[in-house]
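Open the structure in your viewer and keep the selection panel at hand. The tour goes from one selection to the next.

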Amino acid sequence: MMRKLLTLANKVLVRFNLVIVTTPQVLSVSSSSSPDSLLADLTEKVPVVPATAAPNNELFRLFSKEQNVHKWHHYFEIYERHFDRYRDRPIRMLEIGVAGGGSLRMWQKFFHPDSTIVGIDIDPSCLAHENADLGIQVRIGSQTDNGFLAAVNGELGPFDVILDDGSHHTSDQIASFGALFRTALNDGGCYIVEDTHTSYWSDWVDSLETFIEFSKRAVDLLHEPYVGRVGLEFWDGGAEALEEARLTYLSANLSCVSFYDSIVVFDKKARSLPRVELRQ
Ligand SMILES: C[S@@+](CC[C@H](N)C(=O)[O-])C[C@H]1O[C@@H](n2cnc3c(N)ncnc32)[C@H](O)[C@@H]1O
């Protein structure tokens, strides 16, 4: 009864930018029940076997015919899941880390033939893998050099897909994401960082937080609209109260963060404030 009254009162108050906030009801967990004991079945160690079967998809078949390309097998299913929607039109892709050039050739065959595939690398010998006739461009510079990244973006971007397969150092992964997500990635595009298992290898962790920890904060930002607000503000009529709302750029332009074994994918999409409706 009390909650119903509160709900009714808030429906009126929300029109005047006011709401009554009550202490949230939370599940109480007795102190003797640690999370591990509650999840005993899920935290038990069970046997696993090494992967044997190769992925069965088109991209892996292209990979198998290529030389000088270096990818973990389990990435292929993830690539296809996220990249399929970009295949029916020419796109611009940026891959950080060229090495032997095989991945640039693989992407060129996988995406629309009129696409532009751009690779960047600090190693000048990677220029040998440029093939302008096929739309493969290579530029030499560091993924941590903002001026260089801006020049590449100005010349060949903005991009629909950005894939970080560069140094794999956590500070570089964070720096490149910071430099590229806002200005160099199109709305509707995706930013993929691979080999994020380096967040668990001390030789690669050279930042205050690992790339995985940084990415978990992006999950919090997805929920930024709800911080300091109550559900009623998102109801019909509550929308006016949200008109002046401002969100962090990353929050306002992020539709999804997908975590996989060693890959994090950020889908970029300008979003509106969420709205909820009860239809009776
Ligand atoms: C794992 S290899 C790339 C493999 C390639 N993408 C493939 O799939 O076969 C990593 C590459 O990143 C380059 N690299 C290392 N540090 C870099 C940096 N700070 N900026 C740009 N490239 C970097 C290395 O020179 C190396 O060629």
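Start with the buried residues of α6, which pack against α4 (58-65), β1, β2 and β3 (136-140). Helices (H or I, at least four residues) and strands (E, at least two) are DSSP runs, numbered from the N terminus. Contact means C-beta atoms, placed from the backbone, within 7 Å. This is a predicted model: local features need pLDDT of at least 70, side-chain atom pairs count only at pLDDT 80 or more, and totals for chains, interfaces and linings use all residues. Residues are numbered from 1 along each chain as its sequence is written.

Within α6, select S103, L104, R105, M106, W107 and F110, which are buried. Buried means 20 or more other C-beta atoms within 10 Å of the residue's own, exposed 12 or fewer, and partly exposed in between. Leaving aside residues up to four places away in sequence, W107 touches M93, E95 and I117.

Next, show the largest nonpolar core, with 44 residues. Such a core is a set of buried Ala, Val, Leu, Ile, Met, Phe, Trp, Tyr and Cys residues joined through C-beta atoms within 7 Å. Among those with the most contacts inside it are M93, W107 and F159. Strand β5 (residues 185-194) gives the largest share of this core, five residues.

Now turn to the ligand, surrounded by 22 residues (C-beta atom, placed from the backbone, within 6 Å). The closest are G97, A99, S103, Q143 and S167. β1 (92-96), α6 (102-110) and β2 (116-121) each give two or more residues to this shell.

Finally, select H223, in the loop between α9 (211-222) and α10 (249-252). H223 is exposed because 10 other C-beta atoms lie within 10 Å.

Technical notes: Contact = placed C-beta atoms within 7 Å.
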